[in-house]
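I opened my notebook today to look up a few things in this structure, one entry at a time. Here is what I wrote down, in the order I looked.

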Amino acid sequence: MLGYATRRLLALIPTLLAASLLVFLFVHLIPGDPAAVLLGDTATPEEVEALTREMGLNAPLYLQYLYWLGNVLQGDLGTSIFFGAPVLSVIADGAETSILLAVMTMVWIVILGVPIGVVSATRHGTWVDQVASGGAMLFASVPTFWLGLYLILIFSVSLGWLPSSGYPSISDDGGLANLRYLLLPSFTLAAPNAALIIRLVRASMLDVQREDHVRTARAKGLAPWKVATKHVFRNALIAVAAAFGFTFAALVSEAVVTETVFSLPGIGRLVVQSILRRDYPVIQGVILIIVVLYMVINLLVDLAYAWLDPRVSLK
Amino acid sequence: MTTDAERPLLRVRDLKTHFTLKSGSLFGGSKKLLKAVDGVSFDLAAGEVLGIVGESGCGKSTVGRTLTRLEDATGGTAEFDGREMLSLSKAAFRPLRREIQMIFQDPFASLNPRLTIEQTLAEPVRIHGLETTREGIRARIARTLTQVGLDPKVMSRHPHEFSGGQRQRIGIARVMIVEPKLVIADEAVSALDVSIQAQVLNLIKDLQKESGISMLFISHDLGVVRHICDRVAVMYLGRIVETAPKATLFSAPSHPYTRLLLASIPRIRPGRIPAEDRGEPASAAAPPPGCPFHPRCPIATDICRSERPQPVDLGNGQFSACHHAGKQQGEAA
Amino acid sequence: MTLNRPLKTILAAAFAASMASTAYAGGTLRYATVGEPPSLDQHVVTSDLATTIAHHMFEGLYTFDAANAPQPLLAESDRLENDGKTIVITLRKDVTFHDGTDMTSADVVASLKRWGEHGSRGSLLFSNVESVEATGDHEVTIRLSKPFGPWKNLMAFINGGPAIYPASVVADAGKAPISPENYIGTGPYKFGEWQANRHVELVRFDDYDSPSGAADGYAGERKANFDALRFIPVPDVGTRVSGLQAGDYDYAESIPGDLFADLDANPQVTTIVNGGPLFGLVFMNSKDGPLKENFALRRAIQTAIDKVPALQVAIGPDKLWRANGSFLPKGNVWYTEAGAENFSRGDADTARSLAKEAGYNGEPIKFMVSTNYPFHYDTAIVYTKQLAQAGFNIDLQVYDWATLIKKRAEPDQWDLFFTHHGFVPDPILISVMNDNYPGWWTTPEKAALKAKFTESADPAERQKLWGEIQALIYEQVPTMKTGDVYTYNIASTKLTGLGEATLIWPHFWNVDK
Amino acid sequence: MTQSNPPLLDVRGLSLSVATGDGLMPVVRDMSFSLNASETLGIVGESGCGKSLTSLAIMGLLEGTPVRVTAGEILFQGRDLLTLPPRERRRIMGNEMSMIFQEPMTSLNPVYRIGDQIVETIREHQPMSKSAARTRAVELLRMVRIPDPEGRIDSYPHQLSGGMRQRVMIAMALAGSPRLLIADEPTTALDVTVQAQILKLIADLQSETGMGIILISHDLGVIAETCDRIAVMYRGRVVESAETRDLFATMRHPYTRGLLDSIPEPDEDVDRLPTIPGRVPGLDERVDGCAFNPRCARASAVCREEDPGETAFGGGHAARCHHPLEPDA
Amino acid sequence: MTPNATIQWFATGRRIFRGRWLATLGLAWLVLVVLAAVFAPLIVPFDPLEIDPVARLTEPGAAHFFGTDHFGRDTFSRSIYGARMAIVIGLGSVLVALLVGGLTGMISAYFTRLGAFLMRVVDVLMAFPALLLALVLMTLLERSVMNTVLVIGIVYATTTARILFGMTLKLKNEVFIDAAVCSGAGHASILFRHILPNLISPLLVQASFIFAFAQLQAAALDFLGLGLPPEVPSWGNMLSESRIYVTRAPWLLLFPGALIILSVFSMNLVGDALRDSIDPRFKNDIKGV
């Protein structure tokens, strides 16, 4: 398994190179001038030009790329134009929020998505199923920011139960209690994805239920709940595991919006703000890290897949 | 191996079709070689029906698919009408497709569900330029449909509107409409119910007799093969182990595998001597050394375990790839 | 599905905390900002947000009182010699930097020099400066080539202004902004930490020695009551408002006008209107395109526009805007109505005939606007409609701000663009006065008036000259003012000492919770 | 086989219908048969005749399918399975009554080791420690003649050949020492040499345990060689039933005759196969009278109007035909 | 359309929607949206772009059913025109995604060597989270309807390519393709005559899901200020512009939000119904929601 993982990681290199080139090109084709943004509205063109030169942004693009890539390979993602700090530390600042948000979102997805999906499938065709799967689809149809705005309005402004926005680090005063700042955002982020998992668990279970081996299990005289958990859910999990990689990508996308709505100091908002500020090194760094993360998660999903399904062997 | 001096329509020599299997199925990793067909030789005379029988995985279907160029041969030659055809480029082979046709096993899967019968049948006619006008094509389709026992009016329908037997008739029509010289029938009736199977078998037999087409009839069902073929080749793990005229094969099988096969078929009329439990065939991906049948063979000796037997001519058109062929003649059931 | 232990703990804690809902801040003021400042280095950065944070930390020699008159801050006194060509400034002796060192004239000279050389507004003064010298431990002498009237205003304007840093910090600093670890000033708060995207935090400077005198504007006594000031970026305005209402912030800036009535009536929210209005500007391209040197066509455009509906749409309540043609607001010493009769004619017919006379044949006029500032965009939409009614073919190009400021530097990319301008204490600081500012207004008439304006040290004469310049602006139309906008901020009613209005940037010394 | 003992299984008037968008459509009608211990009953017929549904109905596996029992009773050792509470019924399933299926490829759960699947069955019905159940599983694997059972018990299904998987299925079916084994096309997916082994295995196990077997197949050869009695089904009805020897000696129903004649046998040459004309009508097609009449050469007016009742010919031989064949037809 | 074809259409529709009252309601809603889009100029009481500074932020009432926004523009009229935008975005994205992605997927599955390369490119693109990719592309291009459609289409082209790749691979191994090869059919004929028609129904399902998700993506882009030009009356823009009025004028957020949710929900319901009616082989290829 370890050897397989190593080989897969090595196989990622060309993909990553292609992705890095793409990231770099995309980012540098964006019109706009970081020097101008940095100097503010009253700066003169001469000043802007001087700063541009100082920041090395006037070199030919391929040289800038090679230079950047060389540094990336040495673990240096460059220096944020806007913050003047190393990109890695800027990203690290946002990482706590984003990682905790992701974890809490996953918790929501699992505690909402899986049980509702299972119940929906085992009570297929009943009103419980119809409400659950219809409701899931409804939630998947709601724009994230709209849901977020209304949740703030209800739970923060009207009821005053939960904080509306921001997130002080858990190392700050308040400690773990600061996680309550992430309750609404993580729910917002989880809703459409939990909906996806509900429907996926349900569909996979219904598919598995039709398989011959489930008939065998029932012919053994197993109680329905045993058939549902041991034979149907266990096998359905294989398809669900595959969806988690997909969910991660969706999560990152929606985190961009959610972090903006809730003003969370996370990586998603960082990337949006950096695009607006033309902070090239940060945009490149964040996207590159997300791409790497995505690939690693897909690898983990594949490993989970092999672990769940003995027919898949990793050689 | 020809039965007369005449040149055979199809002469296959040392045909090999190997597949590389990616082990571990989902992701790359080590590659394995599957020798689906591994040195098959036979002749097929004009107007002759040669049966190829064997159990699943013996490579009989691959022989058919290789000869229609649906799979690429790894080695060997196949002369069709005196012309080597395996080395032809796909483009150069295309005109030959008219002459070499195939009937597929599954009548549900072999018709494009989105096309009407007319569209399906018109395609080969148009491609090979047999008719040029729309009327000409329709007339030809109508003629062929009648030939296979279907009402020409059905040509505007889609496959799902037909029963299995009718669909197989359409499959046969698609083959017959181009008037081929060689038809390869791959398990042409095994998906059909018994009563329908008999109808289709009769049809195939009639059409073959009328038009004098040569046919390679691939099947796992010895009863069917006996009914329709002139000669039978028995395959085991990628090789032909025995070839003989029908009567000889069923009355005096020479190869222990052929004997096992015959003894295993459950009979309606009592009287069969049940076969011994001789285990299951090895995987074609890891065939045993020497004679591939030796682990299951009741008469295997040391030579069988080390040396691959070559076909031995037993006279009367019977060939057997067995080290002990001829010696056991007397014991044949 | 079993949760692992730490996760369980976290969830339990989160749940318990959510029930308790205790304020975590204690003696911290939480200020919701529109975004993140690029840098807090006041010499080079002109962002208002940067100043809002930085002026608690950095101080200049002068500052403004409530009447926008310059008052000494780090300076104790000054005198002019040599017909106003020599300025001698005496410094306060009790001032300590945040690093514990005392402020001396060496620090001031180094800071002024860097500001003069690299600072965004320093060159205005320093183009006339011959030398800056320390003439004593606490005395600095500035020699000018000719008298320069606005010197004290420029020095008091801390935004892009001469904040005083220790000489050690300034020594190696070039044009690039000083990095946060070198944020050492003399203010009542010192730099705490800057977590990218999360917050900038200032903490109380316990050794602060406040200037004397009653608090008056930014002048007078400064008392730091909070342990810390925390500036939290909350770019979404809705979130800023809900966050303040939900008690997550004590103060939130830049609130849309349409919410003013509701928030003003809300007993839990204090609204604080900024005293110094900002104003929108539509610049015209003097270097390229159909508007180049075609003053008649520019006047035609100016004539077509009625500024009032745009202000209504973009700002909202009457209390928050003035259709004021003077570049500086009423009550300010620089207020003048010269040329302002052409401020908002809204006369489509006249505009049409004027345009025709100017030789306009319906060629497209590219109008760049950004959506990053809703009031820019809203105003531009109204103007575009009005201009279309007067027969102008306006090609409205909507960009994000970064793209717009990149494009406006390229003369062939645009004809009009929309920006806004903050309140400035001296008209010389208005961007249109800068020859290099996009639009590139450099007519001989302007040059002549500008020279006279900067050389004069007589306030009355300078005011009169400014009137002439403003009249020239309405004639040559290098830019169109769109009206005064009084932005407002909101605060929790728990805050005391905020005063009725904000002078320019909110300040939190003398404020308590 | 003595008449006085109550039969192991007694199916009486069983009717099944499938729920479609247009209502209930009968798929099995008024099916009755009985089976004694040590006896093998073969049910033969072409696809769609209802033979598999009958077996699922007996086993109680119709739940989750659109098929419903509309009439009849299924008496297993005297108790009507259809009226048993689900718990009671599950106590019988996999224990006193087991089933093996056509597709050994898919009938085992691919994610569990075969040993675990057998152990699960054992422990479901017998209180037994895991290790004891495992020992029993090895025993069962040995019983079905899987070579090296200790080694194979930890294999996953995909690591076994089709024949081996079917043996595992049989081992699982034997876990509770069943009185009745239902084998639904147990060898159809297997090669002929393997089929012979499996059929022999089943026969051997029957003589060891004395269980009754219902063997369902489309293959007359398989049925003929294995069964004591045969029921021939056509379109949801048993059209003829008899002792095996009796049936092949004298076929009474034209369908049985036609079916037998259609089969090309490896032991004889016929120039042309006799065939049954036409095809089995679809479920949605309505046929009045005898369901076989459109394909029957002997059909008369009465056949087209009236569904024939059962005619008994003695010796347990019965057929549903208005014009049964004479013994020497 | 011939009467026969019409009858067949109705029959197919009946088969798909029978017993699915929720999906039927969804379909009805979508029909309503299409009608509103087509006849927008006839329905709306006001010019959707007309600014009226006096009637700013009017509450919903007899004159303005859905109230007015901060420009004093009639929200109802803008909503109706928003239906047009929704359809343009949906259809446009579907078209781009299916054309670019569909062709890539089909060709990659058919010509394996070229496919190995093309699918690698798709893999690289898929490693970028959809919205992030869209964001960067939108900043790169100018804000316009065309570009928004293009960008969303491209984002979904990657998933479409993956799905079509898988489905084409399955079809390629079908016996009827072998049969066509034996009939002498060439590559183009196999791809477009034999494979493509079998993909039409799954493509339709995929299209319906893309149509639905494109609405959400477009709204998210609008929200981040990088979508359609702000003057375009789209539901996303309406939400984006009015989100600061959530307390002052909640109707501004309510109506466009409800319209988006209803339409996306309806499209998803219809897609779901369609999916259940297609070839079960392809069912699991299309995830949808």
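This is a predicted model: local features need pLDDT of at least 70, side-chain atom pairs count only at pLDDT 80 or more; totals for chains, interfaces and linings use all residues.

**Entry 1: a salt bridge in chain E**

I began with R162(E), which forms a salt bridge with D123(E); the closest N and O atoms are 2.4 Å apart. I then checked how open each partner is. R162(E) counts as partly exposed, at 39% relative accessibility. D123(E) is partly exposed too, with a relative accessible area of 27%.

While I was on salt bridges, I found a network in chain B. There, R7(B), D81(B), E99(B) and K181(B) are joined into one network by salt bridges that share partners.

**Entry 2: chain E as a whole**

Next I asked myself how many helices and strands chain E has. I counted 12 helices and 0 strands. The C-alpha trace of chain E spans about 75 × 45 × 25 Å along its principal axes. Of the 289 residues in chain E, 61% are buried. I also looked at contacts in chain E between residues at least 6 apart in sequence, and 72% of them join residues at least 24 apart.

How many salt bridges does the structure hold over all chains? I wrote down 73. I picked two of them to look at.

In chain A, the side chains of D207(A) and R210(A) meet in a salt bridge, at 3.0 Å from N to O. D207(A) counts as partly exposed, because its relative accessibility is 24%. R210(A) is exposed, with a relative accessible area of 61%.

**Entry 3: where chain C meets chain A**

I moved on to the interface of chain C and chain A. Here 52 residues of chain C are in contact with 57 residues of chain A. The two chains bury about 4,700 Å² between them, and 57% of that is on carbon and sulfur atoms. I found 2 salt bridges across this interface. E36(C) forms a salt bridge with R277(A), with the closest N and O atoms 3.8 Å apart. I also noted 12 residue pairs in polar contact between chain C and chain A.

Several elements of chain C supply at least two residues each to the side that touches chain A, among them α1 (5–20), β8 (189–195) and α7 (237–245). The largest share, 7 residues, comes from α1(C). By class, I listed 24 nonpolar, 18 polar and 10 charged residues on that side of chain C.

**Entry 4: a strand inside chain D**

Why did I call strand β3 (residues 40–44) of chain D largely enclosed by the rest of the structure? I did so because 5 of its 5 residues are buried. Both faces of β3(D) are covered, with T40(D), G42(D) and V44(D) buried on one side and L41(D) and I43(D) on the other.

Then I looked at its partners. β3(D) runs parallel to β8(D), and 5 bridges join them; I43(D) stands opposite I216(D) in β8(D). β3(D) also runs parallel to strand β9 (residues 229–234) of chain D, with 4 bridges, and L41(D) stands opposite R229(D) in β9(D).

I finished with S217(D), in strand β8 (residues 212–217) of chain D. S217(D) is buried, with a relative accessible area of 4%. A polar atom of its side chain lies 2.9 Å from the backbone nitrogen of D219(D). Leaving aside neighbours within four places in sequence, the contacts of S217(D) include I43(D) and V44(D).

Methods
Residues are numbered from 1 along each chain as its sequence is written. Chains are lettered from A and ligands numbered from 1 in the order in which they are written. Side-chain values use heavy atoms; hydrogens and water are left out. Contact means heavy atoms within 4.5 Å. Buried area is the accessible area (1.4 Å probe) that two parts lose on being put together, summed over both. A salt bridge is a side-chain nitrogen of Lys or Arg within 4 Å of a carboxyl oxygen of Asp or Glu. A polar contact is a pair of N or O atoms within 3.5 Å; within protein, one must be able to donate a hydrogen and the other to accept it, and residues adjacent in sequence count only if both atoms are side-chain atoms. Ala, Val, Leu, Ile, Met, Phe, Trp, Tyr, Cys and Pro count as nonpolar, Asp, Glu, Lys and Arg as charged, and the others, Gly among them, as polar. Buried means under 20% relative accessible area, exposed over 50%, partly exposed in between (1.4 Å probe, protein chains only). Two strands pair if DSSP finds at least two bridges between them.
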